[in-house]
Amino acid sequence: MNIQEAKQYLKNHKERRLTGGISGAKVYDIAGKYVLKCVSRADLENDEQYDAYQREAIWYKCANSGKKGFRLSYLPEILDLYCTEEETAVLMKHYLPIPQKFDTELLKKIMGALAAVHTTDIPEFLGQIQRGRANLLSEDQISASLSGWRSVLDEHSGIFLETPLEQLAKKINYIISWHEQEESVLNHGDFHRDNLLLDGNGNILICDWQGISVGAASGDLSFFFSRLSADSIYLDEKQAVRFYVQEVRRLSGKILLPEEICRHMDAADIITSFVFWHEYLHGNDVDRVRGIYGKMVDKFQRFVDK
């Protein structure tokens with residue numbers, strides 16, 4: 001099947017929209033066998049969003065442009081795609097979501113898939129993109145994050161101490177500077193369980209590559225666990241990192257130190273939480289705020305104590 005045939009199928013059958021596509025993409029189930037993702041520039045809020053979908057399509061095209069029948073082991077099978085200045089469409093095989101319950105074997109597979117991403121050569125279309133060096137926060141940005149967090153904590157007056165928050169604000173640019181020293185690799189950029197699929201052989205596949213970029217390995221790792229913890233799913237992060245390190249060594253021969261990765265994960269989580277998480281916590285109950293704020297503070301204390 002190709003994209004035109006998939007669109008014709010939708011005209012002749014009742015549309016079955018899949019969950020997801022909240023950034024403007026329209027995602028359809030095609031006869032339970034395929035998935036069609038369509039994105040129109042006119043339906044998006046800004047050009048940056050459309051640029052992200054274009055990067056995804058370019059990545060799929062690059063990854064499938066090798067020898068016939070070849071594709072990277074962690075990518076879904078792409079049957080057809082096109083990308084213009086106004087519309088992008090991707091047709092891929094239909095896969096199952098990963099199980100809701102995590103066990104050791106599933107965690108190993110997920111970490112193996114992520115290790116495979118991070119040991120993939122950076123494609124040429126991303127080759128000119130460099131991670132910003134010491135992209136420090138301005139005083140205004142720090143002040144805005146402080147104010148945002150204080151307003152969240154004020155909603156639960158008397159429960160949370162603000163002193164660690166103020167200490168973190170003073171150290172945040174030091175943490176950013178240190179974290180920027182981590183090696184750059186190919187990043188998924190939105191690595192969480194909803195973007196993980198399972199093929200018929202039980203292999204993990206990764207979809208939704210709008211966030212593909214050049215970045216730190218710890219960014220994908222810390223985001224994965226941060227999203228899980230926000231949903232009250234807590235895994236053994238140290239064990240997961242050990243699985244990840246083992247797979248990186250098997251795939252590339254590169255020797256990484258789990259402790260160093262964990263510290264970079266802490267730094268990435270601290271930065272993301274301080275800058276962004278307060279925006280999403282207004283009106284949340286005390287347990288959810290404690291889960292995010294407490295974790296940020298604990299990781300900050302662990303970071304500065306080392």
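Start by selecting Ser226, Ser229, Asp269, Ser273, Trp277, Ile292, Lys295 and Met296, the residues that line the largest cavity. Keep in mind as you look around that this is a predicted model.

The volume of the largest cavity is about 40 Å³. How many cavities of 30 Å³ or more are there? The count comes to one.

Next, colour the lining by residue type. You will find three nonpolar residues, three polar ones and two charged ones.

Now switch to a cartoon view and select the helices around this spot. Helix H6 (217-230), helix H8 (258-276) and helix H9 (286-305) each contribute at least two residues to the lining of the largest cavity. Which helix gives the largest share of that lining? Pick out H9: three of the lining residues belong to it.

For the second stop, leave the helices and turn to the strands. Select S5, S7 and S8, which make an open sheet of three strands, in the order S5-S7-S8, with antiparallel pairing. At its edges lie strand S5 (96-97) and strand S8 (204-206), each of which pairs on one side only. Strands of a sheet are held together through backbone hydrogen bonds, in either a parallel or an antiparallel way.

Zoom in on S5 and strand S7 (residues 196-198): these two run antiparallel and are joined by two bridges. To finish, click on proline 97 and look across to S7, where leucine 197 stands opposite.

Key: Residues are numbered from 1 along each chain as its sequence is written. This is a predicted model: local features need pLDDT of at least 70, side-chain atom pairs count only at pLDDT 80 or more; totals for chains, interfaces and linings use all residues. Side-chain values use heavy atoms; hydrogens and water are left out. On a 1 Å grid over the protein atoms alone, a cavity is a set of points where a 1.4 Å probe fits but cannot get out, and a pocket is an open set with protein on both sides within 12 Å along at least five of seven lines; lining residues have an atom within 4 Å of a point. Grid points are joined across faces, edges and corners, and a volume is the space filled by probe spheres set on the points. Helices (H or I, at least four residues) and strands (E, at least two) are DSSP runs, numbered from the N terminus. Ala, Val, Leu, Ile, Met, Phe, Trp, Tyr, Cys and Pro count as nonpolar, Asp, Glu, Lys and Arg as charged, and the others, Gly among them, as polar. Two strands pair if DSSP finds at least two bridges between them.
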